[in-house]
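Reader: I'm new to this one. Can you walk me through it?

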Amino acid sequence: MRAINELISPDTLRFTSTEPFSTEQGSVLPEVEIAYRTWGTLNAECDNVVLVCHALTGSADVDAWWPGLFSAGGAFDASVDFIICSNVLGSCYGTTGPLSLNPETGRHYGPDFPPITIRDMVHLQHRLLCHLGIRRIKLVVGASLGGMQVLEWGALYPDMVRGLMPMGVSGRHSAWCIAQSEAQRQAIAADRNWNNGWYESSSPPAAGLSAARMMAMCTYRSFENFQDRFGRRVGKDGLFNAESYMRYQGMKLVDRFDANTYIILTRAMDMHDLGRGRTSYEEVLGGMTLPVEILSITTDLLYPKEEQEELQQKLPNARILYLDEPYGHDAFLIDVDSVSRMVREFLDAIMRKE
């Protein structure tokens, strides 16, 4: 993995909180650093905020991984809104995670980084927003792991949020998704350089992390997309084009991501369940009365549309939109024109109701 300063924008801001952070499962981080980006200007009322929540291997650099949503009149209009995205707790793009120095031991946390949940991520985001003086959020939006955070914002801080837009996600992680994550984690653990997570930065479990990414890519796209894009065509290297693509994607992640981070975050995703430790799944959803716009991707293999339809049925003030594209789960990153229009229309609808 390259150095973090090569992987994140020089416009990244940092907030170091010296107040200890207690995780949901009882661990305490003596201090936490949060990396974040902002676009636009916070208004006098501190309430023109659009909070973007990133996915598994994303960063706070929304303008790099979701650039098509930034435009005048688009989803993220910096002339109107104050857009903010923070790198999640446990990640490797500037926020405290396995690569961070443990002040109690003087070494990196590595595999000693405590288990975390989506709720921990949201509580830390809330700490950042309070530090910035933000009082209300117009919209919380995100897909996949980002969508899980969106839903938890509605459960944890409903009085602070005007609207939620979760994309390509469920209200609780399915056995199918948990199995996919575990297979990927086992691929990492099988790497000879894994060393129970205490690998050297110069000798990471590259083959294992690459294999994990290849497994994931098979679920991020659809059967139709792979057939149309690659078929049985063979490249000059003698490999099927689909093989070459998988190898490229695997090594691309190795270049920019950390294996311990991958394990920490996928385990957090597996813990995602809005009903966990609360009254019941149905009661939690039934009590979330704020406006929710759900984006479902019809060809999503990871989070099939039935899961979003369940959310729409159980949330009292929700509407569902469909992205009918052949790309699979990653469609939210590809059909950006449609996604941008849907986000902006929902934002405008929220403001008309105020």
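**Pockets, sheet and salt bridges**

Author: Let's start with a pocket. Helices α6 and α9 each supply at least two residues of the lining of the second largest pocket. Keep in mind that this is a predicted model.

Reader: What volume does the second largest pocket have?

Author: About 490 Å³.

Reader: How does its lining divide into nonpolar, polar and charged?

Author: The lining of the second largest pocket has 14 nonpolar residues, five polar and four charged.

Reader: Now the largest pocket. What is its volume?

Author: About 950 Å³. It is lined by 43 residues. Thr-57, Gly-58, Arg-213, Arg-256 and Leu-333 are the closest to its centre.

Reader: Which elements give two or more residues to that lining?

Author: They are α2, β7 (137–143), α5 (175–189), α6 (206–220), α8, α9 and α12 (331–334).

Reader: And by class?

Author: The lining of the largest pocket has 22 nonpolar, 14 polar and seven charged residues.

Reader: In what sense do β8 and β9 pair, parallel or antiparallel?

Author: Parallel. Strand β8 (residues 164–167) and strand β9 (residues 292–297) pair over two bridges. Met-167 has Leu-295 in β9 as its bridge partner.

Reader: On to salt bridges. How many are there?

Author: The structure holds 23. In one of them, the side chains of Asp-255 and Arg-2 meet, at 2.8 Å from N to O.

Reader: Where do Asp-255 and Arg-2 sit in the chain?

Author: Asp-255 is in helix α8 (residues 241–256). Arg-2 is in the segment before α1 (4–7). The pair links distant parts of the chain, 253 residues apart.

Reader: Which residue does Glu-24 form a salt bridge with?

Author: Arg-276, with the closest N and O atoms 2.7 Å apart. Glu-24 lies in the loop between β2 (21–22) and β3 (28–29), and Arg-276 in the loop between α9 (259–270) and α10 (281–286), so the pair ties together parts that are 252 residues apart in sequence.

Reader: How accessible are Glu-24 and Arg-276?

Author: Glu-24 is partly exposed at 35% relative accessibility. Arg-276 is partly exposed at 23%.

Reader: What about Asp-63 and Arg-37?

Author: They form a salt bridge, with the closest N and O atoms 3.1 Å apart. Asp-63 is in helix α2 (residues 62–65) and Arg-37 in strand β4 (residues 32–39), 26 residues apart.

Reader: And is Arg-37 buried or exposed?

Author: Buried, because its relative accessibility is 4% and the cut-off for buried is under 20%. Asp-63 is partly exposed at 31%.

Reader: Last one. Which residues do salt bridges that share partners join into one network?

Author: Glu-24, Arg-119, Glu-152, Arg-276 and Arg-278.

Definitions and conventions
Residues numbered from 1 in each chain as written. Predicted model: local features only at pLDDT ≥ 70, side-chain atom pairs only at ≥ 80, totals over all residues. Heavy atoms only, no water. Salt bridge = Lys/Arg side-chain N within 4 Å of Asp/Glu carboxyl O. Helix = DSSP H or I, 4+ residues; strand = E, 2+ residues; numbered from the N terminus. Buried < 20%, exposed > 50% of the residue type's maximum accessible area, 1.4 Å probe, protein only. 1 Å grid on protein atoms, 1.4 Å probe; cavity = no way out; pocket = protein on both sides within 12 Å on 5 of 7 lines; lining within 4 Å. Points joined across faces, edges and corners; volume = space filled by probe spheres on them. Nonpolar A, V, L, I, M, F, W, Y, C, P; charged D, E, K, R; others polar. Pairing = 2+ DSSP bridges.
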